[in-house]
Amino acid sequence: MFTNCHTHYPVHPDFEIRQEVPGSGASCFHSVGIHPWDAARFSTNEVAEVLKKNMNGYTLAIGECGLDGLKGPEGSVQASIFEEQILLSEELELPLIIHCVKMWNELSALRRKYRPTQPWVFHGFAKYGILDQVVSSGMMISLGAGITNHPKREEMVANIPDRQLLLETDDAGIEIKHVYECVAELKKISLQELNDLITANFKNTFTRWQIG
């Protein structure tokens, strides 16, 4: 089985983290958070209560959450809701699955401000121009279906350290195996070698995960 750190359409729920929204009551491994597009629906003082109410023994992460410069309420509203989720991540010792679009400078400023001890996973990463900065920040970098036809896919994969790499399908209607096959070819390693690498990273990042 191939671990999938972020998906909306789980196929093998014991090996995948399904994106949930508050109120779903998930009984498979999942993350729960307030997406930046929905930030205006909540006040800062209710974020922790809303999310805690929707967590259970299958909750492996908080998110996706973060900042989006193209869609959603104004940046200050998004940032205030995101900061509450950063604090909750630290309190509950759960990693964050990050959505970041056109807001890397603001995101990295918040990372420096809070100096989190929990892993941050930059999901669906596609911006080669900021790759060196994201790598230097220490964040995990999750590649999705977009890597299969990304114009910089060779450079992208070559410049992500093994220890910071995760894979996902997000909302793409494909099997995670296809993402693994593409990345294994780009890294010039076997599918089994890549699977071993990603599984180790997955377990180290989402420490509450276990089979069964």
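Biologist: By class, how many nonpolar, polar and charged residues has the lining of the second largest pocket?

Modeller: This is a predicted model. The second largest pocket holds about 200 Å³ of space, and 15 residues line it. Sorted by class, its lining has six nonpolar, six polar and three charged residues.

Biologist: Which residues lie nearest the centre of the second largest pocket?

Modeller: One of them, Asp170, belongs to the loop between β8 and α6 (176-187). The residues nearest the centre of this pocket are Gly124, Gly144, Ala145, Gly146 and Asp170.

Biologist: Is aspartate 170 buried or exposed?

Modeller: Aspartate 170 has a positive phi of about 55 degrees although it is not a glycine. Most residues other than glycine have a negative phi. The relative accessible area of aspartate 170 is 19%, and the limit for a buried residue is under 20%, so aspartate 170 counts as buried.

Biologist: Where is glutamate 93 found?

Modeller: Glutamate 93 is not a glycine, yet its phi is positive, at about 55 degrees. Its place in the chain is the loop between α2 and β5.

Biologist: Which element gives the largest share of the lining of the largest pocket?

Modeller: The largest pocket contains about 580 Å³ of space. Of the 31 residues lining it, Glu64, His99, Cys100, Val101 and His123 are the closest to its centre. Two or more lining residues come from each of β2 (16-20), β5 (96-101) and α3 (104-114). The largest share, four residues, comes from β5.

Biologist: How do the residues of the lining of the largest pocket divide into nonpolar, polar and charged?

Modeller: Among the residues closest to the centre of this pocket are Glu64 and Val101, which count as charged and nonpolar respectively. The lining as a whole divides into 15 nonpolar, eight polar and eight charged residues.

Biologist: What kind of peptide bond joins glycine 63 and glutamate 64?

Modeller: Glutamate 64 lies in strand β4. Most peptide bonds are trans. At the bond between glycine 63 and glutamate 64, however, omega is about 10 degrees, and the bond is cis.

Biologist: Which strands stand at the edges of the open sheet?

Modeller: The sheet has eight strands in the order β1-β2-β3-β4-β5-β6-β7-β8, with parallel pairing. An edge strand has a single partner, so one of its sides is left without a neighbour in the sheet. The strands in that position are β1 (4-7) and β8 (165-167).

Biologist: In β8, which residue is the bridge partner of isoleucine 141?

Modeller: Strand β7 (residues 140-143) is joined in parallel to β6 by two bridges and to β8 by three. Isoleucine 141 is the bridge partner of phenylalanine 122. In β8, its bridge partner is leucine 165.

Biologist: Which residues of β7 are buried on each side?

Modeller: In a regular strand the side chains alternate between the two faces of the sheet. Both faces of β7 are covered. The buried residues are Met140 and Ser142 on one side, and Ile141 and Leu143 on the other.

Biologist: What angle does the direction of helix α2 make with that of β4?

Modeller: Helix α2 (residues 75-92) packs on the sheet and touches β4 (59-68), β5 and β6 (120-122). Relative to the direction of β4, that of α2 makes an angle of about 155 degrees.

Biologist: Which residues does asparagine 195 touch, not counting residues up to four places away in sequence?

Modeller: Asparagine 195 is found in helix α7, which lies across β1, β2, β6, β7 and β8. With a relative accessible area of 11%, asparagine 195 is buried. Its C-alpha atom is separated by 7.5 Å from that of tyrosine 180, 15 residues apart along the chain. Leaving out residues up to four places away in sequence, asparagine 195 touches Met1, Phe2 and Tyr180.

Technical notes. Residues are numbered from 1 along each chain as its sequence is written. This is a predicted model: local features need pLDDT of at least 70, side-chain atom pairs count only at pLDDT 80 or more; totals for chains, interfaces and linings use all residues. Side-chain values use heavy atoms; hydrogens and water are left out. On a 1 Å grid over the protein atoms alone, a cavity is a set of points where a 1.4 Å probe fits but cannot get out, and a pocket is an open set with protein on both sides within 12 Å along at least five of seven lines; lining residues have an atom within 4 Å of a point. Grid points are joined across faces, edges and corners, and a volume is the space filled by probe spheres set on the points. Two strands pair if DSSP finds at least two bridges between them. Contact means heavy atoms within 4.5 Å. Axes are lines fitted to C-alpha atoms, for helices over the stretch in contact, and angles run from 0 to 180 degrees between N-to-C directions. Buried means under 20% relative accessible area, exposed over 50%, partly exposed in between (1.4 Å probe, protein chains only).
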